[in-house]
Amino acid sequence: MRVLGIETSCDETAAAVVESDGRVLSDIVHTQIQLHSRYGGIVPELASRDHLRSISPVVERALEEAGLERTQIDGIAVTCQPGLTGALLVGVQFAQGLAWALDKPVVAVDHLMGHLLAAYLEYPKSPGPLSPQLPFVGLLASGGHTAIYRVEGFEPHQIFELGATRDDAAGEAFDKVAKLLGLGYPGGPIIDKLAFEGNPEAVSLSRPMKGKASFEFSFSGLKSEVARHVQLHGPPGDEPRLRDLCAAFQNAVVTSLISKSVRAAVEEGVNTLVLCGGVAANRGLREGAELAAKKHGLTLLIPPLRACTDNAAMIAFAGAQKLLTGQNNSGALRVSPRTVLERLTRKGSGARG
Ligand code: KG4
Ligand code: ZN
């Protein structure tokens with residue numbers, strides 16, 4: 001089954017064609033980073049307008065690169081939640097219109113489901129899919145969400161949230177700290193690069209939620225600590241001091257992410273840990289997780305970078321799993337800023353204190 005995926009939840013207009021077994025036939029991402037970078041964050045109205053301009057050519061390119069006519073796809077999957085309402089509406093309206101015109105089924109996909117299942121994608125010319133065995137523990141760290149899940153299957157009711165951030169998402173903390181240091185947007189890749197040559201021990205920052213039994217995160221206090229450091233000492237005057245501050249901040253974030261997700265896998269009794277979401281591109285996180293996984297005898301799986309950041313291939317794959325079970329949300333697509341996983345799993349998961 002070949003599925004066209006459409007993703008417009010935030011600042012990427014993306015379309016992809018994916019086989020239901022995970023083979024990626026095309027994967028087109030049009031990013032709006034340049035549009036928003038001068039504001040240091042995403043401006044929702046500008047995002048919606050740019051999605052409107054880009055959606056049609058992006059979908060056409062995805063079909064063209066897959067070598068398919070519109071009529072040759074078997075169904076459409078579109079991100080319905082969570083995200084910016086106006087941005088989501090552009091993708092959903094487009095998907096609904098196309099499905100109606102082609103008389104094909106269309107399914108709603110939760111963006112976080114897409115991220116969690118990205119390890120099942122198989123890109124041409126890159127090593128085969130990681131295909132984590134179920135159940136696995138997934139750390140999803142992106143610009144909008146940071147949470148740990150136990151994944152037992154491809155349906156929302158088979159995914160259990162073990163803990164989430166109480167305030168900022170990890171990527172959001174990277175972006176806000178970069179903004180306060182005047183480094184540009186998005187901050188994650190910039191801080192990652194600077195941190196690589198910095199000394200994390202040179203600046204003392206606290207480890208958020210250290211020693212707490214829960215799998216919850218908190219990053220806003222850490223961000224305030226960096227702001228206080230800058231207030232007290234002034235902005236780092238030279239490159240070495242800037243690198244050290246970035247290294248200390250990054251180290252505090254990734255130590256928290258790694259220690260909680262590794263402990264979650266161990267306590268859940270599963271031996272596969274998957275990292276996903278844009279922050280999984282972070283070099284410090286990847287290297288640190290590799291060491292920690294080895295130490296605890298866990299198999300660590302991290303999808304390729306293009307599958308970690310926002311894309312429509314992950315949406316097409318997650319949607320294909322729904323279409324295979326005969327689901328069709330035609331005429332009943334609703335957008336929501338919240339995730340279905342948060343709502344469904346908090347009740348069932350018995351969150352720890
Ligand atoms: O998953 P994603 O592309 O979009 C959302 O769903 O939010 O994640 C974007 C986030 C941004 O906050 C960005 O700063 C962060 O991922 N990010 C990184 C890195 N690359 C992207 N954070 C840390 N290190 C990176 N190398
Ligand atoms: Zn995302």
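Tutor: The structure holds 16 salt bridges, a salt bridge being a side-chain nitrogen of Lys or Arg within 4 Å of a carboxyl oxygen of Asp or Glu. This is a predicted model, in which local features need pLDDT of at least 70 and side-chain atom pairs count only at pLDDT 80 or more, while totals for chains, interfaces and linings use all residues; side-chain values use heavy atoms, with hydrogens and water left out. Residues are numbered from 1 along each chain as its sequence is written, and chains are lettered from A and ligands numbered from 1 in the order in which they are written.

One of the salt bridges joins Arg 2 to Glu 19, with 3.4 Å between the closest N and O atoms. Because Arg 2 belongs to strand 1 (residues 2–7) and Glu 19 to strand 2 (residues 12–19), the pair ties together parts that are 17 residues apart in sequence. Strands here are DSSP runs of E with at least two residues, and helices are runs of H or I with at least four, numbered from the N terminus.

I turn now to the domain interface. The assignment, which is automatic or from a database, divides the protein chain into domain 1 (2–128 + 306–343) and domain 2 (136–302). Their C-alpha centres are 26 Å apart. In contact, meaning heavy atoms within 4.5 Å, are 24 residues of domain 1 and 21 residues of domain 2. The two domains bury about 2,000 Å² between them, 75% of it on carbon and sulfur atoms; buried area is the accessible area (1.4 Å probe) lost by two parts on being put together, summed over both. On the side of domain 1, the residues that lose the most area to domain 2 are Leu 116, Cys 308 and Leu 341, together 28% of what that side buries.

Between domain 1 and domain 2 the count of salt bridges is zero. Two residue pairs are in polar contact across this interface, both at pLDDT 80 or more; a polar contact is a pair of N or O atoms within 3.5 Å, where, within protein, one must be able to donate a hydrogen and the other to accept it, and residues adjacent in sequence count only if both atoms are side-chain atoms. Helix 1 (33–37), helix 4 (111–116), helix 11 (313–324) and helix 12 (340–349) each supply at least two residues of the domain 1 side that touches domain 2. Helix 4 gives the most to that side, with four residues. The residues of that side comprise 14 nonpolar, eight polar and two charged; Ala, Val, Leu, Ile, Met, Phe, Trp, Tyr, Cys and Pro count as nonpolar, Asp, Glu, Lys and Arg as charged, and the others, Gly among them, as polar.

Ligand 1 is surrounded by 20 residues, each with a heavy atom within 4 Å of the ligand. Gly 143, Asp 175, Asp 192, Gly 278 and Asn 282 are the closest. A backbone N or O atom of Gly 143 is 2.8 Å from an oxygen atom of ligand 1. A polar side-chain atom of His 111 lies 3.3 Å from an oxygen atom of the ligand, and a polar backbone atom of Asp 310 is 3.0 Å from a ligand oxygen atom.
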